[in-house]
Structures are given as structure tokens and as C-alpha cells.
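Take a walk through this protein fold, one contact at a time. Keep the structure open as you read.

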Amino acid sequence: MLGPKGKMGGASLVLALTLSTAALCDQTTGLMLEVFGEDGETIFEEPVANGSRWCIFWNHSVQHFLVRDCFVARQGQMVLERSHQPDFAAGLGHIPGRGTMISAPEGGYWIENIDEPVPDNCLRLRVGAPGVDHRIILNQRDENLSAIAPRQAVRIVLNSAGHEGENSC
């Protein structure tokens, strides 16, 4: 509200700045990617925007090569977008009708356009031992889940920013 000299009062200025900041945060993030440990404690938290991408990197437990599963936030939904697999090792491979397999310049192959929504925006993952090296890569952040929660059953959850409590998946 403008004062007698056409200036904004202190309380009005604080309110205007708060609303502007909230609107900016909502436009740039609006979502929060969180990882919850077995005890329900948050072990990773990072704001994301619709269109943001992140990957889970891990070493195959038998062949010991790097596998990458990559996700996107699409209209508030966590979606498995693509996966890089160097080989057709145990538990890996392309399922016909689930994405398109293409050769990867770095070797192996990418399965592109998987476009599979993750039910309830919650990915359950049994984190491997340190040798498996489960890592979540997002916004220039590389967080080693195997160092934080080895052999734990964790939940990777995409929530609305400012949500109350954890996703109960």
C-alpha cells in the first residue's frame, strides 16, 4: 500500500517481496526430489522444475560396468525417460514396445523414449554396497547413495515443493 508521499510502507514492501519471491520459486522449482532412508529420514533433497532431468548411476553387480537410468519431471510426474546399458547382462536389455534401442557413441546402447511414469512418483530402490556405487546426479550435484545408505531400501520421491510430510509410498 502506498503511503502519503507515494512510497510503499515497510509492511507492504515486505509482503510484496515475499509474494514475488514465492512466485519466482514456484516458477523455477515447484517440485522437490527427495530420497528417504529406511528410517524415514531425508537423505537427499533438491528442488527441481518441470522439465528437469536426473539420473541414477550404478555399477552392475555381476559385470561391474556403469548403468544409467535417467528420469524427467514432466507436469509434476516422475517419468523414466531413458537408460544407458553397456551390455545385455543379467537383468538388463531392451523390452520390445518399451522405448527405442539405439547404439551409443560411447559404447553399449541407449534405450530412448521409454516414457514410463513412475507410479505414485515414488521409486523404491535397494541401494547397493559401496562397490555398486548408486549415485543420483541432479543439477550438477552427484550424491553417492551407496556411501550414505548402503544396502538400505530407500524411496526416491518427487513431491510438490512445500508439501507436508513425506510421500507414504
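Asp133 and Arg135 are both buried, where buried means under 20% relative accessible area, exposed means over 50%, and partly exposed lies in between (1.4 Å probe, protein chains only). These two side chains form a salt bridge, with their closest N and O atoms 3.1 Å apart. A salt bridge here is a side-chain nitrogen of Lys or Arg within 4 Å of a carboxyl oxygen of Asp or Glu. This is a predicted model: local features need pLDDT of at least 70, side-chain atom pairs count only at pLDDT 80 or more, and totals for chains, interfaces and linings use all residues. Residues are numbered from 1 along each chain as its sequence is written, and side-chain values use heavy atoms, leaving out hydrogens and water.

His134 lies in the loop between β9 (122-126) and β10 (135-138). Helices (H or I, at least four residues) and strands (E, at least two) are DSSP runs, numbered from the N terminus. His134 is buried, with a relative accessible area of 7%. What does His134 touch, not counting residues up to four places away in sequence? Its contacts include Ile56, Phe57, Trp58, Leu125 and Glu143. Contact means heavy atoms within 4.5 Å.

Glu143 has a salt bridge of its own. Its partner is Arg141, and the closest N and O atoms are 3.0 Å apart. Arg141 is partly exposed, at 25% relative accessible area.

Side chains of opposite charge can pair when their charged atoms come close. A search of the whole structure finds 10 salt bridges. One of them joins Glu106 and Arg68, at 3.1 Å from N to O. This pair links distant parts of the chain: Glu106 is in the loop between β6 (100-103) and β7, Arg68 is in strand β4, and they are 38 residues apart. Glu106 is partly exposed at 47% relative accessibility, while Arg68 is buried at 17%. Arg53, Arg74, Glu81 and Asp115 are linked in a network of salt bridges.

Arg68 also lies over the face of Phe57, 5.9 Å from the ring centre. A charge sits over a ring if NZ of Lys or CZ of Arg is within 6 Å of the ring centre and within 35 degrees of the ring normal. The charged end of Arg82 sits over the ring of Trp110, 3.6 Å from its centre.

Now look for rings that pair with rings. A search of the whole structure finds one aromatic pair. The rings of Trp54 and Phe71 have centres 6.1 Å apart and planes at 15°, so the pair is stacked. Rings of Phe, Tyr and Trp (its six-membered ring) pair if their centres lie within 6.5 Å; planes under 30 degrees apart count as stacked, over 60 as edge-to-face and the rest as tilted. Trp54 and Phe71 are both buried.

Which residues form a disulfide? Cys55 and Cys70 do, with sulfur atoms 2.1 Å apart; the cut-off for a pair of cysteine sulfur atoms is within 2.5 Å. Cys55 lies in strand β3 and Cys70 in strand β4, so the pair ties together parts that are 15 residues apart in sequence. Cys55 is buried at 16% relative accessible area, and Cys70 is buried at 5%.

Last comes confidence. pLDDT is the predictor's confidence in each residue, from 0 to 100. The protein averages a pLDDT of 79, and 70% of the residues score at least 70. Over residues 10-28, pLDDT stays under 50.
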